[in-house]
Amino acid sequence: MQQEPCSFCHNGLTIPYIAREGAPNRTRVTVRVSRHGQVEVLYPRGDSPERAHAFIRERAAWVAAHVLAAQKRGASAPPPESPKLRYCLGRPYAVDILNAAHFHGMSVREPEGGEPGRLIISAPTGEHAEQLIRRWYEQRAREALPSSMERLMQGVPWLTKRPPLSFRHLRARLGSCSSKGSITLAYELIRLPQDCADFVILHELTHLRHMNHGPAFYAELTRLLPDWKQRKERLDAFPAPFRAEK
Ligand SMILES: [Zn+2]
């Protein structure tokens with residue numbers, strides 16, 4: 001099945017969406033905005049995706065209003081990432097690749113006032129550009145996630161010192177906790193909004209007290225983070241690899 005991550009701009013707001021072919025009996029193009037602010041356009045099988053792009057642009061104001069309403073409720077659009085649009089801490093960055101024969105480098109402009117940030121990359125090939133983006137994610141994760149953990153630890157009365165923390169590219173999971181009490185977080189976590197990342201970190205911290213997922217684990221997690229279920233629900237609305245552990 002064809003599926004393309006795309007985005008459009010409306011009044012300075014960048015709205016990501018997915019365009020995909022619908023069921024075989026579909027005859028019309030429709031757009032829907034989930035309660036998490038995720039936008040999806042369905043078009044008849046065999047049609048050009050261009051029809052979906054034109055359709056959503058005609059309804060840009062309606063879609064933007066619904067996405068903004070979801071954001072106001074505290075839900076943000078899950079990131080359908082594309083080569084042209086990346087997310088860091090849930091904020092969008094548009095990617096500009098300048099083909100450069102020799103110079104490899106990336107400058108970053110942070111998002112501001114509803115405008116996405118920009119990753120301006122000079123690299124001879126797309127593969128070099130991906131390496132630069134990957135390194136940027138790793139660096140941002142190493143900077144931001146340990147301080148998130150320290151902030152969250154202040155609400156965990158039985159925890160006196162920060163557990164050993166390491167990072168990896170984890171394909172299937174966003175975090176893990178070893179039986180010796182060290183925590184591994186996925187670099188990919190840095191792409192999520194802070195409240196979803198916090199949920200994953202606190203889930204792993206709770207394992208320092210309860211290694212399994214039994215009732216005592218969930219009782220403790222609820223004490224530490226009363227709204228964890230809403231956060232998990234938001235996290236589960238993100239496309240893979242952003243899935244919470246069960
Ligand atoms: Zn777990």
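The entries below take one helix and its two packing partners in turn.

Entry one. I note at the start that the model is predicted. I look for two values per pair, since packed helices are described by the angle between their axes and the distance between the axes.

Entry two. I started with helix α4, residues 194–207, and helix α6, residues 228–236. I read an angle of about 115° for this pair, and their axes are 9 Å apart. Angles of 65 to 115 degrees count as roughly perpendicular, so I put α4 and α6 down as roughly perpendicular to each other. I recorded the crossing of α4 and α6 as left-handed.

Which residues of α4 meet α6? On the α4 side I found Asp195, Cys196 and Phe199. Facing them in α6 are Trp228, Arg231, Lys232, Arg234 and Leu235. I sorted the residues of this contact into four nonpolar and four charged, with no polar ones.

I then turned to α4 with helix α5, residues 215–224. I read an angle of about 130° here, with the axes 10 Å apart. α4 is therefore oblique to α5. I recorded the crossing of α4 and α5 as right-handed.

Which residues make the contact of α4 with α5? I listed Leu202, His203 and Thr206 from α4. From α5 I listed Phe217, Glu220, Leu221 and Leu224. I sorted the residues of the contact of α4 with α5 into four nonpolar, two polar and one charged.

Methods:
Residues are numbered from 1 along each chain as its sequence is written. This is a predicted model: local features need pLDDT of at least 70, side-chain atom pairs count only at pLDDT 80 or more; totals for chains, interfaces and linings use all residues. Axes are lines fitted to C-alpha atoms, for helices over the stretch in contact, and angles run from 0 to 180 degrees between N-to-C directions. Helices (H or I, at least four residues) and strands (E, at least two) are DSSP runs, numbered from the N terminus. Angles under 35 degrees count as roughly parallel, over 145 as roughly antiparallel, 65 to 115 as roughly perpendicular and the rest as oblique. A crossing is left-handed if the near helix is turned anticlockwise from the far one by less than a right angle, and right-handed if clockwise. Two residues are in contact if their C-beta atoms, placed from the backbone, lie within 7 Å. Ala, Val, Leu, Ile, Met, Phe, Trp, Tyr, Cys and Pro count as nonpolar, Asp, Glu, Lys and Arg as charged, and the others, Gly among them, as polar.
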